[in-house]
Amino acid sequence: MNRSLPACRFCGAALEHVFADLGTMPLANGFLEPDALARPEPAYPLIARLCTRCFLVQVDEVVPAESIFTDYAYFSSYSSLWLEHTRAYAEAMLRRLALGRASKVVEIASNDGCLLRHFVDAGVPALGVEPAANVAAAALAQGVATEVAFFGRKTAERLLSEGHAADLMVANNVLAHVPDLNDFVAGFKILLRPRGIATFEFPHLQRLIEQAQFDTIYHEHYSYFSLRTAERVLRSHGLQVFDVESLATHGGSLRLFVAHAEAARPEGSALAAVRAGEAEAGLGDVRGYLGFQQRIDAIRRDFLRFVERARAGGSRVAAYGAAAKGNTLLNYCGIRSDRIEYVVDRNPRKQGRYLPGSHLPVLPPKRLFETRPDYIVILPWNLACEIAQDLGGIAAWGGRLVTAIPDIRVW
Ligand SMILES: [Zn+2]
C-alpha cells in the first residue's frame, strides 16, 4: 500500500485512482465581502478520487467541516422548488408512517426548518439538528425546535438520553457533506427506534457521470454515492436499505428508505431496478468511472469558446444563481468579471458579496432588467426550468438563457 495516498473515508483503502482533477480553487461557499477582495484568497486542490474497493467517489478533506458549516449562507427557503419538494415529502411520510403526537421526527442538517415545519403543523413532535447557528436561529424563530450540533455517535447518544428516539430520521443532502462518514451513519443506528425508518437523499453518482455534472464536485461535498456503495456503507452499520425512489432534484437524486437490519423488511421492487441500472452502467467496476476528465475538459473548452465568441461579437454576458456548483464551473474555466459581468441571486445574504475565485459581484435579480445582458448563464442548471419561468421577461430585449452542462445549450 502506498502510504502517501489518502485513505478511503469509508473502507480505508488507499485511493490510487483519480476520478477528476479540477486544479486548485477556493471553497465553493467562500463568498467574499468587498473588503476581502484585496487580500490573498486561500485555495486548495480539488481532486475527486475513486476507491476501487468500495467505489465511493470522494474529495479530500482539505478544510475541517467545522470551518465550513458553522456560518452557512445557504438557506433552503430561497428555492421555491425545494419548498415544494419538502412539502410533498412531509405529506407522503405522514401518510406512509401514520405519524402522530406520540411520534418523533428528527432531521439532520435541518437548515432553516422548512421541512420540519410541515410535521410541526401536523402536530407531530419534531427536532432539527443543524450545525450552522445562524441557520438554526431562523428555524427556532418559526417554531421548529433545533439543536446546534454536528451529528454523529456522540450527538445521537446524547439525544437518545434526552428522549429523542426517532420514528423517522430525515437526511436530505447531508450524507455527501459529512467528512467522518462512519461516525455519522453510526448515529442513525443509535437514535432510530427499533421499527423506525430513516430516509437519505443524495445526488446519484450514476447521473453525475452520465450528465458530466462535474460542477457538483466541490470541497464541501466530500462524497458521491451510487446505490451500491450507499448500501454497503449502511449495511456495515447494521442498517438495511429496503426501498428507493429516483428523484429529479439536483440533477437526479436517490431517496433511500432505511431501517434496522434486524427489522428484516421486505425489499421494494425499485431496488432491483436501480441496482441493475448501475450494474449496466459499469459502476461495479473501475471501467464505469474512466474518461470523466476528458469530458469535463471538453465542457470547459466549449464554454470558454462560447463566452469568447459572444463577447467578441459585442454581446454582454451575465449569470444567474450564486450556487456552489456555479463556482466550480467558473473557477475551473478560469472565468473572471472581464468575461461574465456579474451574477444575480435571490438570496439577500449573498447580494453585495463576491463569488470565491472568480470575484463576480452578486447582485439582486432586478439588475438583469436594468442592464439587459444578451446572454444569462444559469449556473444552477438543476433549477433551469424554474429560473426560465422567473426570467420570461428577458425576451423583451432578446435576452437568451444559457446552460453549460452537460453541454452548451442556448435556450
Ligand atoms: Zn473505499
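1. Glu267 is partly exposed, because its relative accessibility is 44%. In this predicted model, the side chain of Glu267 forms a salt bridge with that of Arg275, at 3.0 Å from N to O. Arg275 is partly exposed too, because its relative accessible area is 30%.

2. A second pair worth checking is Glu308 with Arg339. Their closest N and O atoms are 2.5 Å apart, in a salt bridge. Glu308 belongs to helix α10, while Arg339 sits in the loop between α11 (324-333) and β13, so the bridge ties together parts 31 residues apart in sequence. Both ends are partly exposed: Glu308 has 36% relative accessibility, and Arg339 has 24%.

3. Arg49 and Asp60 make another salt bridge, with an N to O distance of 3.1 Å. This pair links distant parts of the chain, eleven residues apart. Arg49 is in strand β2 (residues 44-50), and Asp60 is in the loop between β3 (57-59) and α1 (65-69). Is Arg49 buried or exposed? Arg49 counts as buried, because its relative accessibility is 11% and the cut-off for buried is under 20%. Asp60, at 24%, counts as partly exposed.

4. How many salt bridges does the structure hold? The total is 22. Glu84, Arg87 and Glu91 are joined in a network of them.

5. Now the metal site. The zinc ion has the protein donors Cys8 (SG), Cys11 (SG), Cys51 (SG) and Cys54 (SG), lying 2.3 Å from it. What is the geometry of the site? It is tetrahedral, with angles of 100 to 122 degrees among the four donor atoms. Along the sequence, the donor residues follow the spacing C-x2-C-x39-C-x2-C. Cys51 counts as buried, because its relative accessibility is 0%. Cys54 is buried as well, with a relative accessible area of 1%.

6. Next, the open sheet. Six strands run in the order β14-β13-β12-β15-β16-β17, with mixed pairing. Which strands are at the edges? They are β14 (362-363) and β17 (409-410), each of which pairs on one side only. Strand β13 (residues 343-344) runs parallel to β14, joined to it by two bridges. Val343 has Val362 of β14 as its bridge partner. Helix α10 (residues 292-312) packs on this sheet. The helix touches β12 (317-320), β15 (375-378), β16 (400-403) and β17, and its direction makes about 160 degrees with that of β15.

7. Helix α8 (residues 227-235) has a set of buried residues: Leu227, Thr229, Ala230, Glu231, Val233 and Leu234. What covers them? The cover includes α6 (181-191), β8 (192-203), β10, β11 (253-260) and α9 (269-280). Note that Glu231, an acidic residue, is among the buried ones.

8. Leu247 is in strand β10 (residues 239-247). Leu247 counts as buried, because its relative accessibility is 16%. Which residues does Leu247 contact, leaving aside neighbours within four places in sequence? They are His85, Glu201, Gly252, Ser253 and Arg255. Trp381 is 134 residues from Leu247 in sequence, and the C-alpha to C-alpha distance between the two is 15 Å.

9. Most residues other than glycine have a negative phi, and most peptide bonds are trans. The peptide bond from Ile405 to Pro406 is cis, with omega near 10 degrees. Pro406 lies in the loop between β16 and β17.

10. The other two places are positive phi values. Asn173 has a phi of about 50 degrees although it is not a glycine. Asn173 is in the loop between β7 (166-172) and α6, and counts as buried because its relative accessibility is 19%. His359 is not a glycine either, yet its phi is positive, about 60 degrees. His359 is in the loop between β13 and β14. Is His359 buried or exposed? At 17% relative accessibility, His359 counts as buried.

Definitions and conventions: Residues numbered from 1 in each chain as written. Predicted model: local features only at pLDDT ≥ 70, side-chain atom pairs only at ≥ 80, totals over all residues. Heavy atoms only, no water. Helix = DSSP H or I, 4+ residues; strand = E, 2+ residues; numbered from the N terminus. Buried < 20%, exposed > 50% of the residue type's maximum accessible area, 1.4 Å probe, protein only. Contact = heavy atoms within 4.5 Å. Pairing = 2+ DSSP bridges. Axes fitted to C-alpha atoms, helices over the stretch in contact; angles between N-to-C directions. Donors = N, O, S within 2.8 Å, 3.2 Å for Na, K, Ca; no water. Tetrahedral: all angles 85-135°; square planar, octahedral: opposite > 155°, others 65-115°. Salt bridge = Lys/Arg side-chain N within 4 Å of Asp/Glu carboxyl O.
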